[in-house]
Amino acid sequence: MDFHRFFGTWYEQLHHQIHHLTKATRPPTTDDDDHQLTQLVNKTMFHFVEYYRVKSLAANQDVLSIFSARWSTTLERSLHWIAGWRPTTAFHLIYTESSILFESRILDILHGIRTGDLGDLSPAQFTRVSELQCETVQQENAITDLLSEWQDEASELIGGTCGDLDKKIGRLVQIVQKADELRLRTLKAVVELLTPQQAVEFLIAAAQLHFGIHRWGLNHDRERAEK
């Protein structure tokens with residue numbers, strides 16, 4: 001399986017998905033608008049589910065190539081947590097977007113005008129975000145500990161048998177898959193606690209962050225290569 005080629009196609013399709021999210025009617029004024037937002041969110045989420053499905057297959061075939069991530073820039077790889085984005089980044093993104101939108105529309109909110117966007121999260125939503133963040137931090141730490149244990153046993157690779165090596169690589173595959181499961185589980189949990197409009201805004205913000213870091217990384221790699 002050529003995951004590099006798959007990623008290129010998937011990434012291009014993600015741009016199209018986000019374009020459709022950006023063009024959707026917000027805030028929704030009719031039930032049809034709300035239904036369309038829900039469909040777009042579901043379609044985008046399925047796109048992420050497919051990504052992690054194929055990545056899991058690729059990790060089973062060659063987990064070390066997943067760590068090297070040649071489809072990513074050097075900047076992106078420097079930010080990786082176990083071959084991907086850190087799940088708790090999702091919560092930092094929500095807090096940041098919520099604060100920016102709240103400040104930009106504070107007069108409307110003070111006058112009791114509901115904006116319905118990420119700047120208008122309810123107390124119950126904030127409570128759930130906080131609970132999810134705490135749960136995710138604990139799970140992140142547990143998986144990080146697994147990787148640390150795996151790395152601490154690296155000396156066993158020297159002079160080991162092929163069977164020992166296969167077993168150890170198999171454990172690394174499981175660690176990557178646990179990390180990816182947490183990434184996807186976190187993404188789903190965040191989207192589920194948001195309204196369709198808020199979910200659209202969250203997915204757009206997450207993608208724009210991804211696109212921006214990728215562009216900066218490409219420029220950095222290009223400039224480095226020209227020196």
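Predicted model: local features only at pLDDT ≥ 70, side-chain atom pairs only at ≥ 80, totals over all residues.
Residues are numbered from 1 along each chain as its sequence is written, and side-chain values use heavy atoms, with hydrogens and water left out.

The protein chain contains eight helices and zero strands, where helices (H or I, at least four residues) and strands (E, at least two) are DSSP runs numbered from the N terminus. The order of elements along the sequence is α-α-α-α-α-α-α-α. Taken along the principal axes, the C-alpha atoms occupy a box of roughly 70 × 40 × 35 Å. Of the 227 residues, 40% count as buried; buried means under 20% relative accessible area, exposed over 50%, and partly exposed in between (1.4 Å probe, protein chains only). Contacts are defined by heavy atoms within 4.5 Å. Among contacts between residues at least 6 apart in sequence, 77% join residues at least 24 apart.

Helix H1 comprises the 21 residues 3-23. The expected span of a helix is 1.5 Å times one less than its number of residues. For H1 this gives 30 Å, and the end C-alpha atoms are 30 Å apart, which agrees. Its buried residues are Phe 3, Phe 7, Trp 10, Tyr 11, Leu 14, Gln 17, Ile 18 and Leu 21. These residues cover an arc of only 125° around the axis and therefore lie on the same side of H1, the arc being that of the directions from the helix axis to the C-beta atoms. The exposed residues Arg 5 and Lys 23 are carried on the face turned away from the buried side. The cover over the buried residues of H1 includes helix H2 (31-68) and helix H8 (196-226). At the start of H1, a side-chain oxygen of Asp 2 comes to within 3.2 Å of the backbone nitrogen of His 4.

Helix H6 has 30 residues and extends 43 Å from its first C-alpha to its last, close to the 44 Å expected at 1.5 Å a residue. Buried positions in H6 are Gln 125, Val 129, Leu 132, Gln 133, Thr 136, Glu 140, Ile 143, Leu 147 and Trp 150.

The largest nonpolar core has 58 residues; such a core is a set of buried Ala, Val, Leu, Ile, Met, Phe, Trp, Tyr and Cys residues joined through side-chain atoms within 4.5 Å. Phe 3, Ile 66, Ile 82, Leu 194, Phe 202 and Leu 203 have the most contacts inside this core. Two or more residues are contributed by each of H1, H2, helix H4 (89-104), H6, H7 and H8. With neighbours within four places in sequence left aside, Ile 82 is in contact with Phe 67, Ile 143, Thr 144, Leu 147, Ile 175, Val 176, Ala 179 and Arg 183. In helix H2, Ala 58 is buried, with a relative accessible area of 5%. The C-alpha atoms of Ala 58 and Pro 28 are 39 Å apart, for a separation of 30 residues in sequence.

The structure holds 11 salt bridges, each defined as a side-chain nitrogen of Lys or Arg within 4 Å of a carboxyl oxygen of Asp or Glu. One joins Arg 70 to Asp 2, with the closest N and O atoms 3.7 Å apart. Arg 70 lies in the loop between H2 and helix H3 (74-79) and Asp 2 in the segment before H1, so the pair ties together parts that are 68 residues apart in sequence. Arg 70 is exposed, with a relative accessible area of 55%, while Asp 2 is partly exposed at 36%.

A salt bridge also forms between Glu 153 and Lys 168 (3.4 Å, N to O). Glu 153 is in the loop between helix H6 (123-152) and helix H7 (162-193), and Lys 168 is in helix H7, 15 residues apart. Glu 153 is partly exposed, with a relative accessible area of 23%, and Lys 168 is buried at 5%.

Within helix H8, Arg 224 and Asp 221 are three residues apart and are therefore separated by about one helical turn. Their side chains meet in a salt bridge (3.8 Å, N to O). Arg 224 is partly exposed, with a relative accessible area of 47%. Lys 55, Asp 180 and Arg 183 are linked in a network of salt bridges.

Terms used
Polar contact = N/O pair within 3.5 Å; in protein donor to acceptor, adjacent residues only side chain to side chain.
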